[in-house]
There are 2 protein chains.
Amino acid sequence: MSTTRREFIANTGKAVVAGGLITLAENNTSEMAENKFIHHVYFWLKNPDSKEDKAKLIAGLKKLSAVKTIKWFHIGEPAATSREVIDGSYSISWCTMFDNGPDQDSYQTDPIHLKFVEECSSLWTKVIVYDSIDAK
Amino acid sequence: MSTTRREFIANTGKAVVAGGLITLAENNTSEMAENKFIHHVYFWLKNPDSKEDKAKLIAGLKKLSAVKTIKWFHIGEPAATSREVIDGSYSISWCTMFDNGPDQDSYQTDPIHLKFVEECSSLWTKVIVYDSIDAK
């Protein structure tokens, strides 16, 4: 971030927890993740109407979540929202958080990840990946 | 998810915290978010090399984070990764988490959000949004 943590707290009144995520407060405030690596993958299934293929991919991602450097993950599917800017054409979303780039690098070559690709890559026809670090 | 929480824990040995996110354990296990709405926006700046415009957008997003229904957010920029499937052409990533669809709906019409769009929309030339709910 371009401001320091102290400045951010001063400007917004929001607590910022660096390093680890984030015990969500019960007081309806937003929380910012810092020093994180977000690896977000969108899969388009070869057979998007196949419940079986979708279930296979979800099961594969659950197994993939065992990779130790993944700090947090969400397995998603398109919400019912629709506006011009929304791409809801994908089948499955795999949103993951790592502590840093090297942790994400090691995930890429983790045997669990390689096995996931081996077992599941025939299910999809297209993948888009967005990797993000803290904006500065 | 297509399996119950009990099945998931049984299958993976991972703790699953539903409802709220997730105090990250110190024991290097991954944590799954459930019953969440992930709203992930990628912005392409009109002047991608303008540090000033980038800083303006980041400042706008920090103000936007004051919306009460945002449970968690990350303001990102492309990581240094590069593979064929990675789209690193965007300028800024805005990853947000809500408790549910109605909370995200109310964010869209929140005065803070409308003001953000008014103040910052001239900065970008393209936006892609992916909205995800738990895969079932």
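Here is a short chat about it.

Reader: Before we start, what kind of model is this?

Author: Residues are numbered from 1 along each chain as its sequence is written, while chains are lettered from A and ligands numbered from 1 in the order in which they are written. Local features need pLDDT of at least 70, side-chain atom pairs count only at pLDDT 80 or more, totals for chains, interfaces and linings use all residues, and the model is predicted.

Reader: What pattern does chain A follow along the sequence?

Author: Chain A has four helices and six strands. Helices (H or I, at least four residues) and strands (E, at least two) are DSSP runs, numbered from the N terminus. Read in order, the pattern is α-β-β-β-α-β-β-α-α-β.

Reader: Which element gives the largest share of the side of chain A that touches chain B?

Author: Contact here means that C-beta atoms, placed from the backbone, lie within 7 Å. By that rule, 57 residues of chain A are in contact with 56 residues of chain B. Several elements of chain A each supply at least two residues of that side, including α1 (5-12) and α2 (51-64). The largest share, eight residues, comes from β6(A).

Reader: Which residue in β6(B) is the bridge partner of G76(A)?

Author: Strands pair if DSSP finds at least two bridges between them. β4(A) and β6 (residues 124-134) of chain B pair in the antiparallel sense over three bridges. In β6(B), G76(A) has as its bridge partner D134(B).

Reader: Does T81(B) count as buried, partly exposed or exposed, and what is the count behind that?

Author: T81(B) sits in the loop between β4 (72-78) and β5 (92-98) of chain B. A residue is buried if 20 or more other C-beta atoms, placed from the backbone, lie within 10 Å of its own, exposed if 12 or fewer, and partly exposed in between. T81(B) has 18 C-beta neighbours inside 10 Å, so it counts as partly exposed.

Reader: What share of the 136 residues of chain A counts as buried?

Author: The cut-off of 20 or more C-beta atoms within 10 Å applies here too. Of the 136 residues of chain A, the buried share is 37%.

How values were computed. Two residues are in contact if their C-beta atoms, placed from the backbone, lie within 7 Å.
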